[in-house]
Amino acid sequence: MKRKKILQLLLAENPIKDVLVKGWVRTRRDSKDFSFLEVNDGSCLKNLQVVVDSSLDNYSEITKLSTGSAIVINGDLIPSKGAGQKWEVLARNIEIVGLAPESYPLQKKRHTDEFLRTIAHLRPRTNKYGAVFRIRSELSYAIHKFFRDRGFKYIHSPIITGSDCEGAGELFKVTTLSLENPPKKEGKVDYSQDFFGSLANLTVSGQLAAEMLALALGDVYTFGPTFRAENSHTSRHVAEFWMVEPEMAFCDLEGNMDLAEDIIKHLTAYIVDECTDDLELFAKFVDKDLMSTLDLVASSVPVRLPYTNALEILKKSGKKFEYDIDFGKDLQTEHERYLVEHHFKKPVIIFNYPKNIKPFYMRLNDDDRTVAAMDVLMPKVGEIIGGSQREERLGVLEKRIHDLSLPKEEYWWYLDSRRYGSVEHSGFGLGFERLLMLMTGINNIRDVIPFPRTPNNIEY
RNA sequence: UCCCCAGUAGCUCAGUUGGCAGAGCAAGUGGCUGUUAACCACUGGGUCCGCGGUUCGAGUCCGUGCUGGGGAGCCA
């Protein structure tokens, strides 16, 4: 007999004779002549109620089944006599596969997120984290579907990279050299003797590679892990996270913002439609405003605001900010929050930032002081997308590299793309975990990743 | 890296002026009931984060370290 998932059974329209179910006991409630088992198999949030009559051979063992135990059930799917559920399974036979002794740390009550982080290997078995990781899966699928439906090609950029081309933060070194006694040359570590023959790092962004592929395949995207060795201690930063990076040839900043708006709206609507039960849990226990936030994100048109206009609004606000607002200074979290949560009360895209606070590859505007950059700011989670139109003019790009004292030799291949058939192109990076935070209302990034990587913590 | 807060039972927390270590939940045992985070009774359970100091006496006061959380910066 083929095993049935609980998701399928609960959607049944008629009773089914002879079903095989496998899962874990969430709770047990005993009566005089029978027991109720709540069984979950991870296929959905809801549990299956299993009724066990005392006439079963191993009934005495079943009445000792504790939370977390794994069982295999044979029985019939019948309409429930109780009020809480439509269907239940009347068990004919129950095989106890793996007992969970009383030391099982998950109790039939709510735990704090802080405690559950200390048992990250078990927390997926809770309702909340089961829901998080199901939505994580659905959202991954929705991203691929979104791009595929629009003719984008999925590309794989390298995880190990040769240099700090991206300039997006501190890097993790990748080496096979002895750390105790590395080979040295003129007092410095001699990376020419290392595995790759030079210094190697974990990627901080797939962008530069994506640009090369976009300039061949047209519209491409990456969706993979990225690494930042920043010593960040916030609820929005981790050392290892996943990023979605579309890159489009023949596309300017306008088109880039169009895609950013489109993808956020599309993915939000998808999750609202497809993950109803799981979202309900978050709306009930995590963030009471979740559904209205998601409605806002899915339905409203984000404000598109040039950086200089943002400065004016902030200056006119009369609000005292901790950080100064002057041209050439980056907007701080307090400024972004003011714009999104108080002034506009909806998503905001800020564009045309000063060139001095943005990387070399962003396209210089005609004013010579701003670049065609854009950040998408969301309620609650803040910056979720950062992108730009890329500098496609060889001379301008070379000058930027020179002005910033970057090692031009290392960019020979990148500059080649501007040397041969260069076209305007644009792209952005979308923080996958930050998107998940937006979708679930969860306010700590460590809680949307199964095993989060943060400074001083590499357990699991 | 900087600022702030916390650390007491498996979990969440209380602990008065420095004077015998507590509650709820969980767990164990028994009972009751087509039950719904079931219910009732009983029982067991402590390195009060570590180290040092003040004191007749420290969970409580002081110093220091560690861990966790919140915020800032960096960014996605």
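**Contacts with the RNA**

Modeller: A base oxygen of RNA strand B lies 2.8 Å from a side-chain N or O atom of Arg29, which makes a polar contact (a pair of N or O atoms within 3.5 Å). The model is predicted, so that local features require pLDDT of at least 70 and side-chain atom pairs pLDDT 80 or more, whereas totals for chains, interfaces and linings use all residues. Residues are numbered from 1 along each chain as its sequence is written, chains are lettered from A and ligands numbered from 1 in the order in which they are written, and side-chain values use heavy atoms, without hydrogens or water.

The phosphate is reached by Thr333, with a side-chain N or O atom 2.8 Å from a phosphate oxygen of RNA strand B. Glu383 contributes its backbone: an N or O atom there is 3.2 Å from a sugar or linking oxygen of RNA strand B. Two or more residues each come to the surface near RNA strand B from strands E1 (16–30), E2 (34–40), E3 (48–53), E13 (240–249), E17 (382–389) and E18 (425–431), and from helix H3 (113–117). These elements are DSSP runs numbered from the N terminus, helices (H or I) having at least four residues and strands (E) at least two.

Around RNA strand B there are 51 residues, of which Asp30, Glu88, Thr234, His237 and Arg434 come nearest; a residue is near if one of its heavy atoms lies within 4 Å. By class, this surface comprises 21 polar, 18 charged and 12 nonpolar residues, with Asp, Glu, Lys and Arg counted as charged, Ala, Val, Leu, Ile, Met, Phe, Trp, Tyr, Cys and Pro as nonpolar, and the others, including Gly, as polar.

Methods: Polar contact = N/O pair within 3.5 Å; in protein donor to acceptor, adjacent residues only side chain to side chain.
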